[in-house]
Amino acid sequence: MTVAPDLDAPDFAIGIVGAGAMGRGIAQVAAAGGFDIRITDAAPDAAEASVSFASQMLRRAADKGRMMPEEAEAAITRMTVVPDIAGLAGCAVVIEAIVEDLDVKRQMFADLEDVVSASCILATNTSSLSVTAIASACENPERVTGFHFFNPVPLMRVVEVIAGQRTQADACEALSAIAERFGHKPVRAKDTPGFLVNHAGRAYATEALAILGDGIAEPVDVDRIMRDAAGFRMGPFELFDLTGLDVSHPVMESIFEQFYADPRYRPSPETRRRLSAGLLGRKSGAGFYRYTDDKPETPPEPPAPDARPERVWVSGAEADGRARVLDRLATLNVGIELEDGETPSKAALCLTTPLGADATTSAVRQGLNPARTVAIDTVVGLDKRVTLMANPLTTRATREGACGLFAATGAKVTLIADSPGFVAQRILAAIVNLGCAIAQAGIAVPDDIDDAVRLGLGYPQGPLDLGDSLGAGRVLTVLENLRDATGDPRYRPSPWLRRRVQLGLSLKSPDAIA
Ligand code: NAI
């Protein structure tokens with residue numbers, strides 16, 4: 001059986017079952033995209049309410065000049081409520097957006113199959129269930145596809161098109177073409193836990209929790225570093241508070257279990273404990289932050305010490321890092337001790353720029369006096385915020401001198417506990433490594449991985465582009481040193497990453513060059 005509907009056929013119609021938050025959003029973008037919509041819901045008046053909401057949104061879009069008023073009115077006339085799924089009989093595609101329950105969805109798909117034509121594509125908007133498991137309730141599982149939108153649908157312009165184990169490629173192609181008419185970017189992925197976006201998003205969340213669990217930095221410090229130095233719109237702990245731990249903790253546990261306890265996805269006892277304490281986030285008034293009138297209470301930045309070392313020696317062990325530090329210090333009136341291999345003078349502050357190693361290891365390996373040594377993270381920009389790490393022997397005067405020095409460059413300074421990989425380089429390396437693991441597993445192609453993460457998670461770059469801009473070799477070094485320092489297979493570098501570093505290729509290059 002071929003599933004290749006003619007999207008321009010005059011009788012082409014899309015059915016939607018489940019008219020809640022997702023169903024009404026899908027109805028809105030589908031009607032705006034020129035499709036006739038039939039929508040139904042089990043709850044009385046729910047479908048009418050959703051069409052009236054979608055109509056309001058379309059008129060608002062016209063008021064704001066985002067579409068012509070006559071286009072909005074035409075889209076509104078294309079949405080029709082039908083009393084039950086029997087009204088979806090003539091549809092070429094039916095999108096299911098009912099409750100997230102495998103048994104209920106399986107029953108729905110079996111019922112739909114009795115109603116629709118043999119060529120109708122059945123799509124599920126499930127966010128966490130297996131498309132294959134839903135499809136197995138159907139006589140023709142080849143027509144069943146995942147079509148995973150994000151909330152709110154009209155603003156989140158990406159949709160995952162998920163092939164179940166037996167889904168026919170035609171069905172995925174047809175849904176991708178439909179998504180483009182909705183104004184959405186389709187990204188194709190295999191039916192695997194978390195699909196693409198929720199899978200790739202694991203690293204940001206769980207690595208931040210691991211940093212907290214290791215006692216390296218407070219949530220507010222991690223958030224400030226990831227916003228100011230790494231360019232993320234929201235820090236990981238702000239994001240936890242926004243989503244709510246009642247949602248995010250079970251997702252972390254479920255993905256970890258579905259990957260049979262792969263340490264890369266290991267959640268943290270921290271969120272389990274916080275969940276038990278009712279510290280859900282914004283919705284409960286307290287999470288990683290406390291909220292007053294929905295505004296988080298954040299401690300003020302620590303004041304910059306009024307101290308400055310007279311001389312600074314910058315390690316040349318990592319040439320890129322040293323160049324970045326020297327560039328940053330160029331405008332300051334401070335004596336720099338430059339030459340490669342030169343022993344630092346007695347009074348100098350020694351700065352090291354480790355990749356994946358802690359301040360202690362970098363001082364000891366380079367034969368530096370730990371009392372005068374501080375490490376700086378140079379994997380991210382140094383203009384807005386600088387992350388420094390002291391070792392247990394670093395004197396207070398040295399610490400304060402280093403903080404004062406970088407504060408004088410106009411940056412905010414965060415001093416964290418000694419640890420391999422600082423905060424930003426550790427989290428970024430985990431994000432890149434996970435993107436590489438997804439590419440390696442063939443879950444999606446590199447461009448789709450990057451588009452899904454940028455559009456679905458709002459990261460400044462997709463993981464593979466990010467790895468290329470940080471320098472894939474540096475990312476590999478961070479991971480190898482993290483793995484050696486911790487002994488944790490969580491940090492094992494993906495072969496996709498290692499191979500491309502060895503060959504000097506972009507992380508986006510495919511496995512076989514034609
Ligand atoms: P919702 O609770 O807002 O709406 C679900 C609607 O389905 C309700 O109106 C309910 O009356 C109706 N319904 C339930 N069982 C039904 C049945 N047997 N027959 C007909 N109608 C039925 O839920 P929401 O948020 O719209 O989610 C729908 C689906 O989309 C779920 O599978 C969910 O996991 C998925 N999803 C949700 C996202 C979100 O952020 N809300 C994001 C992406 C996917």
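Start by selecting Gln-28, Met-57, Arg-66, Pro-154 and Leu-155: of the 24 residues lining the second largest pocket, these lie nearest its centre. Keep in mind as you click around that this is a predicted model. The space in this pocket comes to about 530 Å³.

Now colour H1 and helix H2 (46–63), which each supply at least two residues of the lining here. Which of the elements gives the most to this lining? That's H1, with six residues. If you colour the lining by class, you'll get 13 nonpolar, five polar and six charged residues.

Next stop: the largest pocket, with a volume of about 1,400 Å³. Pick out Phe-150, Asn-198, Thr-243, Gly-456 and Leu-457, the closest to its centre among 45 lining residues. Elements that give two or more residues to this lining include helix H1 (21–32), helix H8 (202–213) and helix H17 (446–457). H11 has the largest share, eight residues. By class, the lining of the largest pocket splits into 25 nonpolar, 15 polar and five charged residues.

Where does the largest pocket sit? Colour domain 1 (13–191) and domain 2 (199–275 + 423–514): both give residues to the lining, so the pocket lies between them.

Last, follow H11 (245–258) to its loop with helix H12 (269–276) and select Ser-268 there. Is Ser-268 buried or exposed? Its relative accessible area is 11%, so it's buried, as the cut-off is under 20%. Show its side chain, which reaches the backbone nitrogen of Glu-270 at 2.9 Å. Beyond its neighbours within four places in sequence, Ser-268 is in contact with Leu-209 and His-249.

Definitions and conventions. Residues numbered from 1 in each chain as written. Predicted model: local features only at pLDDT ≥ 70, side-chain atom pairs only at ≥ 80, totals over all residues. Heavy atoms only, no water. Helix = DSSP H or I, 4+ residues; strand = E, 2+ residues; numbered from the N terminus. Buried < 20%, exposed > 50% of the residue type's maximum accessible area, 1.4 Å probe, protein only. Polar contact = N/O pair within 3.5 Å; in protein donor to acceptor, adjacent residues only side chain to side chain. Contact = heavy atoms within 4.5 Å. 1 Å grid on protein atoms, 1.4 Å probe; cavity = no way out; pocket = protein on both sides within 12 Å on 5 of 7 lines; lining within 4 Å. Points joined across faces, edges and corners; volume = space filled by probe spheres on them. Nonpolar A, V, L, I, M, F, W, Y, C, P; charged D, E, K, R; others polar. Domains from an automatic or database assignment.
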